[in-house]
Amino acid sequence: MMEVEEGNFDEAYDVYACMQCGKCTGSCAVSLRSDLNIRELMRIAILNKNEDLEKHEEIWDCTSCGICTVRCPRDLKPAEVIIGMRSSLVEGGTIPVTVRDALESVGTNNNPWGRPKSKRAEWLEDLDVKVKNISEGEEAEYLLYIGCTASYDPRIQSVSRAAINVLTKLGVDFGILGEEEPCCGSEPRMMGETGLFEMLVEDNLTLFDEFGISKIITLSPHAYNTFVNDYPECAKRLKEDDVEIPDIELEVKHYTQFLEELIDDGRLDGEMMNEFSGTVIYHDPCYLGKRNNIFEPPRKILNIIPGARCIEFDRREDRSLCCEGGGGRMWAEGTGTGERNAIIRVNDANQDGANVIAVACPFCLSTLEDAHVTAGYEETMRVMDIFEILDEVLK
Amino acid sequence: MTVYILAEHRRGELMDVTFESISAARRLNDEVVAILLGTDLADHAEKVAKYADKVLVVEDERIENNTEAYTQVIGEIIKKDKPKVFLMGNTSMGMDIAPALAIDLDSPIATDVVGISEEGGRIKVNRSVYNGKVLSDLVLREAETSVIAIRSGEFSAADLEEKNGEITKVDSPLKETIENKKFLEFVEPVAGAVDITQADVLISVGRGIKDKDNLPMAEELADAVGGVVSCSRPVVDYDWLPKDRQVGTSGKTVKPKFYLAFGISGAFQHVAGMKGATMIVAINKDIKAPIFSVAQYGIVDDLLKVMPALTEKIKELKS
């Protein structure tokens, strides 16, 4: 029987309402290049024919972009059903080795990258500005939550440094948690490690409470999404199970939302910037766009940058093509063959005449950066996080 | 006092570790007695007797390929003869038999041993810990018999002294047929499949290799150094190498002794999959490539020039 931690599959995901229309599969970002067929998986869930789940290796192909959930005419959550299926595979121990290692590393190192906790704050070393460390008792209005990838991946660390520079220049009262910063748990949850996720929610809410943190700015849309959508729900469930969890209300913003507010308050405008030269195309990350309907803030920021000529992808906003970086895909290659979405994306950007792809997510930066080199645009195109662009232009 | 070793054989072939075990046993300057179990052992017995002082042969089809039976039979022989040391390879068979035997005999045991000597009547062994980063010396406690499993390939059997020892047939001491563990079949690994996680030397290529036609160049170098060709993700994306050769967080995590990165820029996901290598040498045209930050040595040049030159030099040194 298919069992998920939250209870029975049909109860948890209301799968009987599925009418097998196939819109989920039709809109899926990876079904073009892999065997992932969500309609089929929904059918397996409905019929409870899940004994053979482990034969469906393609369950690990899902990027958790959430477009199937957006498009479902019955308002079901196929993306969650896949997480449920992964959960039962995790429970049974039949998961890809690379996923196992990543999950194990979250348990031992508090990050899925297999890197030591003691090196989480190494990216700070090249910084000229002083940053408050909330974990060392310094007080700040906002916690800037960096996240695992932006802490360890040398390419993405540059976004973390840019964020510090920009927020400092804009006079924001913020701090970080340095080595004490925990994994947010988004990727473990998407990889089906429900138990580990619950543990992280419990630990992290306790940690935030201990350091008096109530306002958080995240670099990653994945951390944003999990803090805003998954934490309250999980905390509620844990409380029902009599787990002691601090009663704190978190006010969480993705950094593009936070900067939009600064623009609205007149604290950030084009006058404060040098000229930027380039045609900029914005790539909507799934966890901001499809999952949270945040489309305007990043565009608003890019639009005030003097000299930046902003253009748009044909596939944008909730139709944006997923870069295939989420849903645990950093640790699972998937069964897909043929051109990666990230390659399609950089080719589209090139065709549209862009020479800068602006992103607002560490995974998008990682996949598109790699793709733009593979596709041969190393000399003609840059992939930049919006924070990096701002760091370059702010006077 | 004597050292008993297990002569390991599989599918009609004597394993090299048999002679390596004899070589290791000789370090203790003692009489070496080999135990040979199974069926069709006449040829094997002669080959082993050439270098052992004595060979004990137990012909019993119930023992063939059954580690449980092996453990019981060796246990009986040891209880009777009380050798100072029982030694075998730390092979898949050895990992199965040696610890069980040590429990049965209440003996001290050292596994995956790379060095062995006698010191004041006690057995001293050398084995690596912390994933090969530290070597530790251990002295085994006093005991009637100590069990030691040696790492394959560590004790050279090249210069074994000829002994032409006697071959003795022994009645099988196996009391009853083993029922709880049965040998079913040998499963061959898929032909052509290469396990890059097991290789000591990896010649790893990235997009810098430029063309599929340049891959034989990497294969040639790999052959020359006795390594295996692995790659970064783009090479798999281009379909130049199969997925099982991909190093990285979404491919395979490798920890070879020597990792040569040719034309690999060093994206984080790749580096996270090979950082554990003992020695990393990077060859890349771009001096700013992040791979150089994890490499101990680097060459800033076109791999298409470096690779053939390196192959030639290695061949020259080897000849």
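Two residues are in contact if their C-beta atoms, placed from the backbone, lie within 7 Å. Keep that in mind for what follows. The model I am showing is a predicted one.

I start with chain A and its domains. The domain assignment divides chain A into domain 1 (3–92), domain 2 (104–258) and domain 3 (267–393). Between domain 1 and domain 2 of chain A, the C-alpha centres are 29 Å apart. How many residues of domain 1 of chain A are in contact with domain 2 of chain A? There are 7 of them, and they touch 7 residues of domain 2 of chain A. On the domain 1 side, these are 3 nonpolar, 2 polar and 2 charged residues.

Next, the sheets of chain A. One is an open sheet of 5 strands in the order 3-5-4-6-7, with parallel pairing. Strand 3 (132–133) and strand 7 (251–254) of chain A are at its edges; each has a single partner strand, so one side of each has no neighbour in the sheet. Strand 3 of chain A runs parallel to strand 5 (residues 174–176) of chain A, and 2 bridges join them. A:K132, for example, has A:G175 in strand 5 of chain A as its bridge partner.

Strand 10 (residues 356–359) of chain A pairs with strand 11 of chain A through 4 bridges, in the parallel sense. Within that pairing, A:V359 is bridged to A:D385.

Now to the nonpolar cores. In soluble globular proteins, nonpolar side chains tend to be buried together. Here the largest nonpolar core has 154 residues, and those with the most contacts inside it include A:L144, A:A358, B:A261 and B:F262. Which residues does A:A358 touch, leaving aside neighbours within four places in sequence? They include A:V280, A:Y282, A:L302, A:M384 and A:I389. Another core, of 53 residues, lies apart from the largest one, and B:F19, B:Y51, B:M88 and B:M93 are among its members.

That leaves chain B. Chain B has 8 helices and 16 strands, and 43% of its 319 residues count as buried. The C-alpha trace of chain B spans about 65 × 45 × 35 Å along its principal axes. The assignment gives chain B domain 1 (2–169) and domain 2 (196–318), with C-alpha centres 38 Å apart.

Where do the chains meet? The elements of chain A that give two or more residues to the side touching chain B are helix 6 (97–109), helix 8 (154–169) and helix 15 (362–374). In total, the contact takes 14 residues from chain A and 13 residues from chain B. On the chain A side, 5 are nonpolar, 3 polar and 6 charged.

How values were computed
Residues are numbered from 1 along each chain as its sequence is written. Chains are lettered from A and ligands numbered from 1 in the order in which they are written. This is a predicted model: local features need pLDDT of at least 70, side-chain atom pairs count only at pLDDT 80 or more; totals for chains, interfaces and linings use all residues. A nonpolar core is a set of buried Ala, Val, Leu, Ile, Met, Phe, Trp, Tyr and Cys residues joined through C-beta atoms within 7 Å. A residue is buried if 20 or more other C-beta atoms lie within 10 Å of its own, exposed if 12 or fewer, and partly exposed in between; C-beta atoms are placed from the backbone. Two strands pair if DSSP finds at least two bridges between them. Ala, Val, Leu, Ile, Met, Phe, Trp, Tyr, Cys and Pro count as nonpolar, Asp, Glu, Lys and Arg as charged, and the others, Gly among them, as polar. Domain bounds come from an automatic or database domain assignment.
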